[in-house]
Amino acid sequence: MTSEANVRLRIGADASEGIKEINKFSSGSAAQFGVIATVASKAFDTILSASKAAFKEIIVGGASFEQKIKSVWAVTGEGKEVLSSLEKTARDMGKSTVVSASEAADAMLNYARAGFQANDITNLMRASIDASIATSTDLSIITDTVSNVINQFGMETTEASRILDVLTM
């Protein structure tokens, strides 16, 4: 019987310690809730601000993308039918790689300024983006390098993958 009374006394003591802890937490929880609410509110404000900036970038970036594609088309001097092909290529690169369509359009403009026509630019894009990603090199550096090698050595744009493989070894 003594051991049963001892067990009841221990359980009661352990339970009363637990109740004391719960009471401590409850009395401080209102203040803690206030702190949590303040932190959550600030986090929400930050997320909202970032979202606004991202949407603004999407809208402004979209207009910029259209202008970049038209610039590529204008520099190549080719017919109007080429415009939609260039746009499709840039958008496809934006969908299938980590490079945005706008960044792809920048690379296309670099190639156009180096004297390449739309078909050549399309041939160069995938290999250039892949090399940029693989080497963590800015795409504009890749386009400049490939343009220089092709023009200097009289190579074909279809050899872009081979050129970049050699340069990245």
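## Briefing: an all-helix predicted model and its main pocket

H3 supplies the largest share of the lining of the largest pocket, 4 residues. This is a predicted model, where local features need pLDDT of at least 70, side-chain atom pairs count only at pLDDT 80 or more, and totals for chains, interfaces and linings use all residues. Residues are numbered from 1 along each chain as its sequence is written, and side-chain values use heavy atoms, with hydrogens and water left out.

**Overall layout**

- The protein chain has 6 helices and 0 strands, running α-α-α-α-α-α from the N terminus on. Helices (H or I, at least four residues) and strands (E, at least two) are DSSP runs, numbered from the N terminus.
- Of the 169 residues in the protein chain, 26% are buried. Here buried means under 20% relative accessible area, exposed means over 50%, and partly exposed is in between (1.4 Å probe, protein chains only).
- The accessible surface comes to about 11,100 Å², with 60% of that belonging to carbon and sulfur atoms. Those areas come from the Shrake-Rupley method with a 1.4 Å probe, and for residues only the protein chains shown count as cover.
- Among contacts with a separation of 6 or more, 56% are between residues 24 or more positions apart. A contact means heavy atoms within 4.5 Å.

**The largest pocket**

- Its volume is about 170 Å³. On a 1 Å grid over the protein atoms alone, a pocket is an open set of points where a 1.4 Å probe fits, with protein on both sides within 12 Å along at least five of seven lines. Grid points are joined across faces, edges and corners, and the volume is the space filled by probe spheres set on the points.
- Lining residues (an atom within 4 Å of a point) are Val99, Glu103, Asp106, Ala107, Asn110, Ser132, Thr137, Asp138, Leu139 and Ser140.
- Helix H3 (101–113) and H5 each put at least two residues into this lining.
- By type, the lining splits into 3 nonpolar, 4 polar and 3 charged residues. Ala, Val, Leu, Ile, Met, Phe, Trp, Tyr, Cys and Pro count as nonpolar, Asp, Glu, Lys and Arg as charged, and the others, Gly among them, as polar.

- The structure holds 1 aromatic pair. Tyrosine 111 and phenylalanine 116 make it, edge-to-face, at 5.7 Å centre to centre with 85° between the planes. Rings of Phe, Tyr and Trp (its six-membered ring) pair if their centres lie within 6.5 Å, and planes under 30 degrees apart count as stacked, over 60 as edge-to-face and the rest as tilted.
- Both tyrosine 111 and phenylalanine 116 are buried.
- Serine 147, in helix H5, is buried too, at 4% relative accessibility. Leaving aside neighbours within four places in sequence, serine 147 touches Tyr111, Ala114 and Phe116.

**Loop residues**

- Serine 136 sits in the loop between helix H4 (118–135) and helix H5 (139–153). It isn't a glycine, yet its phi is positive, about 55°. Most residues other than glycine have a negative phi. Serine 136 is exposed, at 68% relative accessibility.
- Glutamine 117 is in the loop between H3 and H4 and is partly exposed at 33%. Not counting residues up to four places away in sequence, glutamine 117 touches Thr76 and Glu78. Its C-alpha is 8.3 Å from that of glycine 77, 40 residues away in sequence.

**Serine 71 on H1**

- Serine 71 lies in helix H1 (residues 2–76) and is partly exposed, at 21% relative accessibility.
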